[in-house]
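Student: Hi! Could you walk me through this model?
Tutor: Happy to, here it comes.
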Amino acid sequence: MRRRDVLKYILTGAAVECINPFFNSKVLGEGLKQEDTQSYSKGLPQLKITDVKTILTAPNRIRLVVVKVMTSEPGLYGLGCATFTQRPLAVATAIEKYLKPFVIGKDADQIEDIWQTSFVSSYWRNGPVLNNAMSGIDMALWDIKGKRANMPVYQLLGGKCRFAADTYAHASGRDFQEVEDNVRRYMEDGYRHVRAQVSVSGYSTYGAGSRKAIRQKEQGEIKRIFDPSPYVRIVPKLFEHLRNKLGDEVELLHDIHERIPPIMAINLAKRLEQYRLFFLEDPFAPEDIGYFKILRQQTSIPIAMGELFNNPNEWIDLISNRLIDFIRVHLSQVGGISMGRKIAALSEFFGIRTAWHGPGDVSPVGHAANLALDLACYNFGIQERVIFQEETQDVFSGCPVIKNGYMYANEKPGLGIDVNEKLAAKYPFPPDELEGSWRPIRKSDGTVIRP
Ligand SMILES: [Mg+2]
């Protein structure tokens, strides 16, 4: 091509179209058209997304982010959970400034297309902030589709495989006796699965309360101290105590919470194997997933992993190489129900069960999304449960109910949860200069560790 022709080529825009199809209207088109979908939405008017609202509320001092998607049908809206409690305002900005203008005017029926186009709209993707923002929209669209079909979301996912989701509760204590008493209490309430965590005297121990934690105010900073060695010495003794006192029937779980060096976690897992845990959770940080292969070669203790995962590359190898037993992603952290159902389907082929993350920093909408998948997925394993406090139930009506350790759907169309926005506004985020950030936990020598 001669120089003059090159210049002409650039000026006509042909070169731009060639290197970037985004500029090529013939390639991009205008998205899916009504006639593309009318065969399966026959009889129903096309539904447009008309508005998106981000609701920030903390009814029990936990920062929750909930997304409300409004549609062209009067009164028809959906709710989704976008709660990333350590970075809620970043998620709210991602929704308000980027996803809201992106989805307004789109066909609310096209959940998968909206997910995929949102996903690539940032070019850089798979991070926790953008995934949570996408989850808020995604769950809300499933909620809308369910309401429109007059069916609970689990029906859209294939219908019930079980009458309710079996859950596990969290028992903790300052010493073995207190943990045992708390496990017994849950067993009396009908729970078959209980996670047990004990405080390590003098240390800030994950999941065991903070009563015995060392909280030193030094140079204006509250320090939380944790050293791995005392922790790995005490945990096998806890489970020896619990098995001796409680017998074999109760299913016991434990969460290492990625706090200790990988080789210590392997050693701990081997020593815990004899106590027949239902699962051992998060033995490694996501950055150390290469260790799962080594762990698997040394022990048959069941492993649960994944609450910190954001990116398919974090779970695909673990699942397809059968290196874990329970996939435990936080649904809003991976992009909502649309991604969750794919992860569940992938896991089913490899004999891996689901155990979606279900702590207090998942909104009731997120728990209802967990439950929809729990009921519909054949390879459901267990559901972490939370007790919804009174204030949370006032703001969010329709919270799933737990009886005898089973979590039941409320059988309303969609996800079955509604929000009282006026009441939600009465529970603003509690004052905190770091807006809910996870405070550092350090070893005795001052080294910061993963939480
Ligand atoms: Mg955990």
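This is a predicted model: local features need pLDDT of at least 70, side-chain atom pairs count only at pLDDT 80 or more; totals for chains, interfaces and linings use all residues.
Student: Which helix lies across S1 and S2?
Tutor: That's helix H5 (residues 88-103), running at about 175 degrees to S1. Helices (H or I, at least four residues) and strands (E, at least two) are DSSP runs, numbered from the N terminus. Axes are lines fitted to C-alpha atoms, for helices over the stretch in contact, with angles from 0 to 180 degrees between N-to-C directions. Contact needs C-beta atoms, placed from the backbone, within 7 Å.
Student: In what order do the strands of the open sheet come?
Tutor: S1-S2-S3, with antiparallel pairing among the 3 strands. Pairing requires at least two DSSP bridges between two strands. S1 (49-57) and S3 (77-81) are the edge strands, each pairing on one side only. The twist averages 20 degrees from one strand to the next.
Student: How many bridges link S1 and S2?
Tutor: They pair over 8 bridges, S2 being residues 64-71. Ile-49 stands opposite Thr-71 in S2.
Student: New topic: is Lys-145 buried or exposed?
Tutor: Buried, because 20 other C-beta atoms lie within 10 Å; the cut-offs are 20 or more for buried, 12 or fewer for exposed and partly exposed in between, with C-beta atoms placed from the backbone. Lys-145 sits in helix H7 (residues 128-149).
Student: What does Lys-145 touch?
Tutor: Asp-109, Ile-111 and Leu-156, leaving out residues up to four places away in sequence.

Definitions and conventions: Residues are numbered from 1 along each chain as its sequence is written. Two residues are in contact if their C-beta atoms, placed from the backbone, lie within 7 Å.
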